[in-house]
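Here are my notes on this model, as numbered points. Please read them next to the coordinates.

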There are 2 protein chains.
Amino acid sequence: MEIVHTLRDLRLRLAGEGLVGLVPTMGSLHEGHLALVREASNHASCVVTSIFVNRLQFGPTEDFDRYPRDLEADTKRLASAGCQVVFAPTESEMYPSPQRYFVEPPALQNELEGAVRPGHFRGVCTVVLKLFHMVQPQVAVFGKKDYQQWTLLKEMVESLALPIRMVPGETIRAEDGLALSSRNAYLSTEERAEAPHLQMALKRLAVAIHAGSATDLNQTIEQESMTLQQRGWHVDYLTVRSQYALAEAKAKDRELVILGAARLGSTRLLDNLECYRLVGPS
Amino acid sequence: MEIVHTLRDLRLRLAGEGLVGLVPTMGSLHEGHLALVREASNHASCVVTSIFVNRLQFGPTEDFDRYPRDLEADTKRLASAGCQVVFAPTESEMYPSPQRYFVEPPALQNELEGAVRPGHFRGVCTVVLKLFHMVQPQVAVFGKKDYQQWTLLKEMVESLALPIRMVPGETIRAEDGLALSSRNAYLSTEERAEAPHLQMALKRLAVAIHAGSATDLNQTIEQESMTLQQRGWHVDYLTVRSQYALAEAKAKDRELVILGAARLGSTRLLDNLECYRLVGPS
């Protein structure tokens, strides 16, 4: 495995590679990221993992400075997962001058995660487009853990006619069901013990939707939200959307996804669950 | 020379091509475009000319519907200029669904041409980015006739790390000095006879700047603008900018460009002239 820090070295290293797969990350890698790398190696002969904490996608009050960085630990993990190239550009390599051109995504950028993180998805789309231009992969893998990000990036590739196949990676979970996330490291022992209850709420909702027993879906969501709040969570949102572009779920929609974001103390956790409605309300 | 209409056929045709050069156009080709194609063939083994009248860059009151289209005449001209592939996508090939992702260029998009054409450069940057992703050229050629467009696109390529070399094409002129433009076809006989006076004004300004005699540059510009108006022109702007990102020209700047846009009747003509200041004001 090779580690490159500049665009020049990256292009030299990749010249002549047949089928390149890209896994963009912000480092602080856990099993969830490694699963994406393994997925990429199913589709590509050369897997590039980028590690770059992207200032553009952090708001002014967010944790850009305290976001964990440990390149040495990250590269050790990547070597064991079948990664061929680590691209870890410096800030000045990625942004030689202040970024003046942005990808402007559609209105979904201001909903859900975007509602509490203005400009976040604009920053994500812009840096991912730059990484695509730098690496020129044939395949890119993104985790469904960040479902809204996955949805927006998949649609960006289509809408901008990028010659890249987008492959989703399933969410990897701890044994108790908590979705792996770099931010789990911020949880106290008590918070860590409570954390799986977000996924439990999503699962109960999925069962109700699947069985068609949630005739008043909004009421069922409201109940689950209340349950979490009684357990000490601050719920940012808990919602059911269509899997297509995360449009508002209509009665006829069968392929749905339940999305939740809630805080334990100062740590914000995200989770989601795709679910399928067998029968609609009559 | 081959003519392809779909992205699928384009990619099949270009597979294995070593060095691809792209000349994006809206058709209605004249000697100015052919000079860009000849320039591209100096840098590429396979020159692709795209022909697509891009709705995104026209305002609601602009001439999208009456913009001239003649694919047969265009392809004849291209064949004689050393073009290998004409890419002429349909509206639904370029925009299979309404465009939802846009390139948002910097504030220069709202100045000069952008001041009278809101959203124009956003539409230009977005379609050119899509064409870049479709054709994947190593080299792209754009005319300096549309100087602000050239400036914004050149900077877009840098800012988004596109792996493309941008090559400028010089403006081609009629014998009397009028810059060739598809819109010249709209001029009446009298207007056509008057049209070269825009370039004459730019030239007089360039001489004054070069010699350093324009100690009060704004006053000199104002005089030239008045002269044009007395001859029946409606002057949208006449201005001197730095060649770098078209920033406001400062006293220390040596590499300048004079930009003019003015209307004769209902036809809007653009022209520009790069010029060099030997000595600054003391």
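1. β1(B) and β4 (residues 85–87) of chain B pair in the parallel sense, over three bridges. Strands here are DSSP runs (E, at least two residues) and helices are too (H or I, at least four), numbered from the N terminus. Pairing requires at least two DSSP bridges between two strands. B:Ile3 has B:Val86 of β4(B) as its bridge partner.

2. This is a predicted model: local features need pLDDT of at least 70, side-chain atom pairs count only at pLDDT 80 or more, and totals for chains, interfaces and linings use all residues. Residues are numbered from 1 along each chain as its sequence is written, while chains are lettered from A and ligands numbered from 1 in written order.

3. The sheet in chain B is open, with six strands ordered β1-β4-β3-β2-β6-β7 and parallel pairing. β1 (2–4) and β7 (165–169) of chain B each have a single partner strand, so one side of each lacks a neighbour in the sheet.

4. Helix α1 (residues 7–14) of chain B packs on the sheet and touches β1, β2 (20–25) and β4 of chain B. Contact means C-beta atoms, placed from the backbone, within 7 Å. The direction of α1 makes about 145° with that of β1(B). Axes are lines fitted to C-alpha atoms, for helices over the stretch in contact; angles run from 0 to 180 degrees between N-to-C directions. Helix α7 (residues 147–159) of chain B touches β6 (139–143) and β7 of chain B, at about 170° to β7(B).

5. Chain A is divided into domain 1 (2–169) and domain 2 (182–276), with bounds from an automatic or database domain assignment. Their centres, taken over C-alpha atoms, are 26 Å apart.

Technical notes: Contact = placed C-beta atoms within 7 Å.
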